[in-house]
Each structure stands twice: as structure tokens, then as C-alpha cells.
Amino acid sequence: KWHRIAHRSWSKVVQCILEVFRPHSPPPHTHILAVLLNPGCWQYGVMLNRFAAVSEVKQRLQGPHPTSPTQPSSIPHPGPPPSLQCFIHPSPVRYPSPPHRQGQLKPYYLMNAASLLPVLALGVEEGDRVLDLCSAPGGKALAILQTADPAPLCCNEMDPHRRDWLAKTLESFIPQSLSSTSEAGMYDKVLLDAPCSNDRSWLFSGPGGEQHGAVRLRERARLPTLQTQLLRYISALAAVRPGGVAVYSTCTLSRSENQEVVEAVLNTCPGVELQDLEEELALPLQEHFTFTPLGHTPSLGLLVVPQQGQTWGPMFLSRALWFEWST
């Protein structure tokens, strides 16, 4: 009976959450929700760590998987040959988490492969000064360090618990020689993977009754204001040098946290110009990700939606070029 009551209570909370993002998510809603509500169908990406010995892991990934007749494929990187290597499997096969071995860096990082897209959009090159503004848990920072050697990569996280999580991630994957402190300044590239509703986590963060659900919905309603503030002058754009690039991303379907935040910044920051990511990312990667049209010209960004067989996302990303103020 206790289990049955908890389940009924949680179903009401889930329904409340679904009602919030149904009007903000692109059609068809049923296919997207079917994936989000079924963790058993979720796929996982395996990003190799160039700072560790990965030849054995790579051999296993490139060979037939023991539970599937099909083989995993590597996500192509648009542009020059990179050191970034991420393998994905066409089936919901979860590769085991890397074990912790004293004195050894972990050879790979498990992730939702759509999380790589904001990093690819950032286009980090050797020697770039890069800021990862809301960096925890650290997956995108690790991906940045797989693509190039920035000078430096500054990982920022305000929440103390998430900052500890970030530190543990970096310690597990990055050599100690690359860790240092740096002063604030102007950056060539800034990534703002903003605090958001995180649709997957919201649906599976545990039953808390209708009162808890109402609190979460109020928190969700406040997020667009925070996201706009973080992207505007006080944080992301304030840290970009003239001619530099900022990438804004979330892992929600909500239009109010995605397109509307970008629109709000465009309307109040005349020094910002959006860059189209269609030819650079969407077209080369459409075999691996389901991109949905956002119905806006010019485009405000890209939105990856989860579908059966391509369960990556949700992931929204938008890239802006910051110009110097004209006088």
C-alpha cells in the first residue's frame, strides 16, 4: 500500500511537469515524452580521455558489443581532425562506469552525447582563453580539453556542492599539472550551460507529493530571469572580449528557457549577433541527432529532441558573436 500511494502521488507531480512543457515543446510531444519517461531506452556516449591510456577501451568499443550484433560508431567532428573521440551505440547499451584506480586517470567519461554539441559550437582552438561559466559536473569542461589546449580554461561554479562535484571530476580525468588558479579577465570563448529545468532529471528526481511538485514548478518559472541575467552583461557576455564568442545551452525543451532567453538578450544587447549553426553542426550530424525546426528566421539556435533510436537530448544551443560597442 505504501508503494502504491507513493506511485500515485508521483504520477500527479509528473503530470504537472508535463503540462508545463507540453505547450513549449515541439511536436510530436508523444514521441519525445515516450523517450523521456523510459530510461530503459536511453543511449549513452563514451568520450575517451586523451590524458589516459585508452587503446584497450577503444579496441573494445570498436569491436562487436557482447550484447548486440551492431557496432558503436564514432561521432564525426566537423572541421580539422580532433583529439575528441566519442563513441555511441545504436542500442540502449550502457557501457560500465570507469573504475577508480589509485594514481590513474579514468580513461573515459559517460555522457549524453548531445552534451558535446555546445562544445563543438564553441570551436575552441589552441591558446584560446576559455570560460566555462556554470561548469559542474564537468563533462563539457572535459570535452573542451579533448578538443584543444586552451590557455587557460577557467571552470566556474557558484554552488559549493556542485563545485565539489566539479573538482572531483577534473581530478579523476585531468593531470594535476593542468590544474591551476587564474584571475578573471576577458575570454575568447565563453560557454554558458545554464541552470535549467533539465527535463530528464525533473521527471526522475523522486516522489515528493503535490506540494513538492508545486515548489519545483515555481522554481522552474523563475529560471528564465536567471538565465537571461547570466547570459547578459553581468556574466557570459561581460566576460567575452570584442570579437569573441559565447555559446548558450540548456537541456530542456522549454521555449521560455531557450528561444525566449536568446530573444530577450538580442533585444537588449545591440552588440550581439547570432551565428547560424545549421551548416556547421546540424547538417553534418543529422545522422546521429534529431534536430527539430524552431520556426524562427533567422534561427535562434539548434534544438536536439530525443526520439527512439536517437535518444540524445533535449539540448538547446545558440552561439553569439560579441562586437565592440560603436561610438
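**Around C251**

User: Leaving aside neighbours within four places in sequence, which residues is C251 in contact with?
Analyst: Beyond those sequence neighbours, C251 has contacts with C196, N198, D199, P314 and M315. Do keep in mind that this is a predicted model.

User: And where does C251 lie?
Analyst: C251 is in the loop between strand 8 and helix 10.

User: What does UniProt say about C251?
Analyst: The unreviewed UniProt entry annotates C251 as "active site".

User: OK, let's zoom out. How many helices and strands are there in the chain?
Analyst: The chain has 11 helices and 11 strands. Of its 327 residues, 49% are buried. Taking contacts between residues at least 6 apart in sequence, 73% of them join residues at least 24 apart.

User: Which residues does the "binding site" annotation cover?
Analyst: According to the unreviewed UniProt entry, the "binding site" annotation takes in C134, S135, A136, P137, G138, G139, K140, E157 and D193. These residues span 60 residues in sequence, yet no two of their C-alpha atoms are more than 13.2 Å apart, so they gather at one spot.

User: Let's take a few of those. Is G139 buried or exposed?
Analyst: G139 is buried, because its relative accessibility is 7% and the cut-off for buried is under 20%. G139 sits in helix 5, which covers residues 139-147. Apart from neighbours within four places in sequence, G139 is in contact with M47, Y109 and M111.

User: And E157, where is that found?
Analyst: E157 is in the loop between strand 6 (153-155) and helix 6 (160-173). E157 also counts as buried, at 11% relative accessibility.

User: What does E157 touch, not counting residues up to four places away in sequence?
Analyst: With those set aside, E157 touches L133, C134, S135, A136, R162, R163 and L166. For A136 there is a polar detail as well: a polar atom of the E157 side chain lies 3.2 Å from the backbone nitrogen of A136.

User: Nice. Now D193, which strand is that in?
Analyst: D193 is in strand 7, residues 187-193. D193 is buried, with 17% relative accessible area.

User: Which side chains does D193 join by polar contacts?
Analyst: One is K140, where the side chains make a polar contact of 3.1 Å. Another is S249, with a side-chain polar contact of 2.7 Å. Not counting residues up to four places away in sequence, D193 touches C134, K140, S249 and T250.

User: Tell me about S249 then. Where is it found?
Analyst: S249 is in strand 8, residues 240-250. S249 is buried, with a relative accessible area of 0%. Leaving out neighbours within four places in sequence, S249 has contacts with P118, K140, L191, L192, D193, A194, M315, F316 and L317.

User: Changing topic: what about aromatic pairs, how many are there?
Analyst: The count comes to 4 aromatic pairs. One of them is Y109 with F173: the ring centres are 5.5 Å apart and the planes are at 75°, so this pair is edge-to-face. The pair links distant parts of the chain, with Y109 in strand 4 (residues 108-111) and F173 in helix 6, 64 residues apart. Both Y109 and F173 are buried.

User: Last one, helix 10. Which of its residues are buried?
Analyst: In helix 10, residues 259-268, the buried ones are Q259, V261, V262 and V265. Looking down the axis of helix 10, these buried residues fall within an arc of 165°, so they line one face of the helix.

Key. Residues are numbered from 1 along each chain as its sequence is written. This is a predicted model: local features need pLDDT of at least 70, side-chain atom pairs count only at pLDDT 80 or more; totals for chains, interfaces and linings use all residues. Side-chain values use heavy atoms; hydrogens and water are left out. Buried means under 20% relative accessible area, exposed over 50%, partly exposed in between (1.4 Å probe, protein chains only). Helices (H or I, at least four residues) and strands (E, at least two) are DSSP runs, numbered from the N terminus. The arc is that of the directions from the helix axis to the C-beta atoms. UniProt positions are given in the numbering used here, feature names are shortened, and annotations may be inferred rather than shown by experiment. Contact means heavy atoms within 4.5 Å. A polar contact is a pair of N or O atoms within 3.5 Å; within protein, one must be able to donate a hydrogen and the other to accept it, and residues adjacent in sequence count only if both atoms are side-chain atoms. Rings of Phe, Tyr and Trp (its six-membered ring) pair if their centres lie within 6.5 Å; planes under 30 degrees apart count as stacked, over 60 as edge-to-face and the rest as tilted.
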